[in-house]
Amino acid sequence: MRALRNQWYCAALSHEITQAPLGRIFLGEPVVMYRKSDGGAVALEDRCCHRRAPLSRGQVEGDNLRCGYHGLLYEPGGKVIWAPGQDKLPPGAQVKSYPFVEKHGWAWIWMGDPALADPKTAPAFHWYDAPGWAGCGACLDVKANYLLLVDNLLDLSHLAFLHIKTIGAADDTDPHLTWERQDNLLRGVRIARNLSPSQRQIAQGDTLRTDSTKIMTFTPPANVVIEIGAVEAGKTEADPTNRVNRKLVVLDSMTPETDTSCHYFWGNCRNYAIDDAAVTEMVLKSTSVAFDEDKFMLEAEQRIIDLNPAAPQIDLIGDAGGLQARRIVERLLAEEQVAARAAE
Amino acid sequence: MRALRNQWYCAALSHEITQAPLGRIFLGEPVVMYRKSDGGAVALEDRCCHRRAPLSRGQVEGDNLRCGYHGLLYEPGGKVIWAPGQDKLPPGAQVKSYPFVEKHGWAWIWMGDPALADPKTAPAFHWYDAPGWAGCGACLDVKANYLLLVDNLLDLSHLAFLHIKTIGAADDTDPHLTWERQDNLLRGVRIARNLSPSQRQIAQGDTLRTDSTKIMTFTPPANVVIEIGAVEAGKTEADPTNRVNRKLVVLDSMTPETDTSCHYFWGNCRNYAIDDAAVTEMVLKSTSVAFDEDKFMLEAEQRIIDLNPAAPQIDLIGDAGGLQARRIVERLLAEEQVAARAAE
Amino acid sequence: MRALRNQWYCAALSHEITQAPLGRIFLGEPVVMYRKSDGGAVALEDRCCHRRAPLSRGQVEGDNLRCGYHGLLYEPGGKVIWAPGQDKLPPGAQVKSYPFVEKHGWAWIWMGDPALADPKTAPAFHWYDAPGWAGCGACLDVKANYLLLVDNLLDLSHLAFLHIKTIGAADDTDPHLTWERQDNLLRGVRIARNLSPSQRQIAQGDTLRTDSTKIMTFTPPANVVIEIGAVEAGKTEADPTNRVNRKLVVLDSMTPETDTSCHYFWGNCRNYAIDDAAVTEMVLKSTSVAFDEDKFMLEAEQRIIDLNPAAPQIDLIGDAGGLQARRIVERLLAEEQVAARAAE
């Protein structure tokens, strides 16, 4: 499939990785994840080297993973250390072990050449567990190409339409938008003034008009961080009469499953009511409602694309971010191809 | 896919087209339909020119259609008249608009070259809303090639078997059958005498034996009108002792969705109890029950065909109509190919 | 698809064949089975020669089968003997009739050249209805290649893992295993001593440790008979203090539907409580629970294989049987190819 390989992809939110093995497909490859007794996380090929049963149907025993079919026992590095009926194991009695790193409550996997994997380069979504912040999030499986989600997240003009019944403001249609591009980073600043409250805000008793600043940062392969700040319309954060001072960071990372499906990991980080589990629960629920609006639209979009992938399309001013993000990905794909040919 | 393009295809029964956009796939192309404030019906490409979201997930605003993703607003001709964040629209900011005409409660679309679309040539199913008649109908999605439905409707020998528990008479197996073929029209007259009542008739307290005449008219691409008349067995309509004088027109039009699925539009027109909504409701329900028998059989037939499309088959006398209808379609397909080549 | 053709395949358990037509797909071909008034079983092509409707949607009339679409009547040999509207039938008015034989409550079909079908060579699962034995069984549809089930049944090391909550003993991991191979037969003897009781045995109040002998016999294309005997651990059958004397024969036959799905027929034959319907019911239920564990694992295995059919795998000592069975099948496939070429 068409995706960068030598990159850190999000594999899970850390809380999803437990002693119950978790199986997912990344870039067309089956991966199983589990947590060792020391808390360390492991990612192995989810395909027993014996008869290709998924190891995610097995169980964790101490630090090891037992295949649920014939009982082969794998140590965390992927080597078989027990098989039924024989002491000596044949060559090849192992599965692939993936470079895997957890940072700030997010787990990252390297599907490419392990020799190139540098844990230091894995994304650090530091807001998620930073002091003074509360993070929560989930994984949403979306039957759409992962770049459709990148487009979606970098063009927030859809807020006023797709999310008009939840998190969008009807008058958020004419923001001031600027983009800054580095080699492997793209940053947009989107300022929208005098916005009416969204339906969700109204439901929460929040009816003031606001000025909103959103800083969107894309890094390849498919991470989008959106830092959101809002103050009362026409006021500044420092103004003592300002009655709104919302800060929110939305973390997004998409990992391709197939060419037309992906895992969409999202996190919501807030700097208020950070110890209030009820607020966390409410954020999880209401964000899921809003992001399901994206899921259903993007899956419909993918089906329409599949009908005729060559159908023409136009780009609008709001697409600047998505187009540049795709260009970064395309350039890196070309570089990977050149490197692969050179290595042959 | 293999289907005539320069033809009027049924797109909907008029009552299905409202201010809630209706999306369907015709000949592999996504189409959205809605009704303007003046009552006029519109059919546009159901694929936003921006990011290819289906417009049928949007909403009608006055006479225009708003994309539910980023809010692009389309006028009824398919041109974008508003997009988020910019006043000047790029070239190509439009979707295809299809020739669309409503006649007698049925809506027809032209998927081919718009220059060739002549509204006068769209079928007129005039019984559906004629004075002295009551029409009702529905759309049934069938996972079978549309021509399997043409075969079905032109060979009514299946009534005595497939529909034996509903609308078929067990002894309706030896009708007198004649066919008349014109260039683009095929008409069959099927006379069956001394038929026992069907289970549906018996359930309605109708137990007389009848003589039945069915006039089946096929026109391309896939319309079949069946005019049904029944009198008491051995009597004439004029005979004062004749206790049966049923008249019914069944309207059928099939529009390919893919090579192995279609939309089946049907209407039932009666000349009795025309203002009785309860009768209409009963007709809708009981016809749906009978036509579901067709749907389930044709979908099973399609699955068997898919297992081995080259499996041999024989033709019986009852297939004369279906075979001639297919020949008309094949001849027109060849003509379309010749015309397409000439135009290149 | 890749499967032997000139072989007897299991088509049904005899009790499944009634006067209600039963449709199944064997080796990619649709087959309908029914029982005549004299009790004889019939297997015909499940595809009407007229419009290719499945005959399994029709009904049996005396010894004949009536198509449910247009009423064509087939005699048990597959010839059409009635069609609507005409006395003289065209050439080709018939469907394929398959050599079909029932033995001991199991029905066998020959999908290849009928001239080569010798009923004497059809498997005889004699335990199923032998005096002193009670047999019961069922058909399980499994979305996995049929050879994955052969692997499964010839490598019982999975008992201690996949079936640990039902029929497996946790310490059944080091049996004594020997194989004997003939041209078209493979037999393994698997002796496991001092086994703890399985969860199912414990649930039935059976807590003694046992010595178990399993004789597994594979014959092509895909039959596996497993004769199971158990005595109290360390004792012999003849020992008057021996408190366990279980005998069980598990019959298995797999018939490919497609390359990645099959019908799995299984039977359980016991020599105790043979007239007790409640025990039969219990055996059917608890065996279904255990075999569903296989079904779910094999379907998961097939999905993993489909992701990358070329992924490497290792063989363990327990695979000796499955590998030899596959070699027999491969040799016969090669022989069929040679014979097919010679016949051209």
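Predicted model: local features only at pLDDT ≥ 70, side-chain atom pairs only at ≥ 80, totals over all residues.
How far apart do the C-alpha centres of domain 1 of chain A and domain 2 of chain A lie? The C-alpha centres of these two domains of chain A lie 32 Å apart.

## Basis of the description

Residues are numbered from 1 along each chain as its sequence is written, while chains are lettered from A and ligands numbered from 1 in the order in which they are written.

## Domains of chain A

The domain assignment of chain A, with bounds that come from an automatic or database domain assignment, gives domain 1 as 8-121 and domain 2 as 126-333. Between the two, 14 residues from domain 1 of chain A and 14 residues from domain 2 of chain A take part in the contact, where two residues are in contact if their C-beta atoms, placed from the backbone, lie within 7 Å.

On the side of domain 1 of chain A that touches domain 2 of chain A, β1 (8-13) and β2 (22-26) each supply at least two residues, and β1(A) gives the largest share, with five residues. Strands are DSSP runs of E with at least two residues, helices are runs of H or I with at least four residues, and both are numbered from the N terminus. By class, this side of domain 1 of chain A has nine nonpolar, three polar and two charged residues; Ala, Val, Leu, Ile, Met, Phe, Trp, Tyr, Cys and Pro count as nonpolar, Asp, Glu, Lys and Arg as charged, and the others, Gly among them, as polar.

## Relation between the chains

Chain C can be laid on chain B by a turn of 120° and a shift of 0.0 Å along the axis, with an RMSD of 0.0 Å, which is the relation of a three-fold axis. In chain C, the C-alpha nearest this axis is that of C:D306, 13 Å from it. A rotation of 120° with 0.1 Å of shift along its axis superposes chain A on chain C, with an RMSD of 0.0 Å, and of the residues of chain A, A:D306 comes closest to the rotation axis, at 13 Å for its C-alpha. Copies are superposed by least squares on the C-alpha atoms of residues with pLDDT of at least 70 in both.

The contact between chain A and chain C takes 21 residues from chain A and 22 residues from chain C, and the side of chain A that touches chain C divides into nine nonpolar, eight polar and four charged residues. Between chain C and chain B, 21 residues of chain C are in contact with 22 residues of chain B, and the side of chain C that touches chain B has nine nonpolar, eight polar and four charged residues.

Two packed helices are described by the angle between their axes and the distance between the axes. In chain A, the axes of helix α1 (residues 146-154) and helix α4 (residues 277-307) come within 10 Å and cross at roughly 125°, where axes are lines fitted to C-alpha atoms, for helices over the stretch in contact, and angles run from 0 to 180 degrees between N-to-C directions. That angle makes α1(A) oblique to α4(A); angles under 35 degrees count as roughly parallel, over 145 as roughly antiparallel, 65 to 115 as roughly perpendicular and the rest as oblique. A:L148, A:L149 and A:N152 in α1(A) meet A:D294, A:L298, A:E301 and A:Q302 in α4(A), and by class this contact has three nonpolar, two polar and two charged residues.

Helix α1(A) also packs against helix α5 (residues 320-343) of chain A, at an angle of about 140° and with the axes 7 Å apart, which makes α1(A) oblique to α5(A). Here A:L147, A:V150, A:D151 and A:L154 in α1(A) meet A:G321, A:G322, A:A325 and A:R326 in α5(A), and the residues of the contact divide into four nonpolar, two polar and two charged.

## Backbone details

A cis peptide bond joins A:P220 and A:P221, with omega about 5°, and A:P221 is found in the loop between β14 (210-219) and β15 (223-232) of chain A. In chain B, the peptide bond from B:P220 to B:P221 is cis, with omega near 5°. A:A273, in the loop between β17 (261-270) and α4 of chain A, has a positive phi of about 45° although it is not a glycine.
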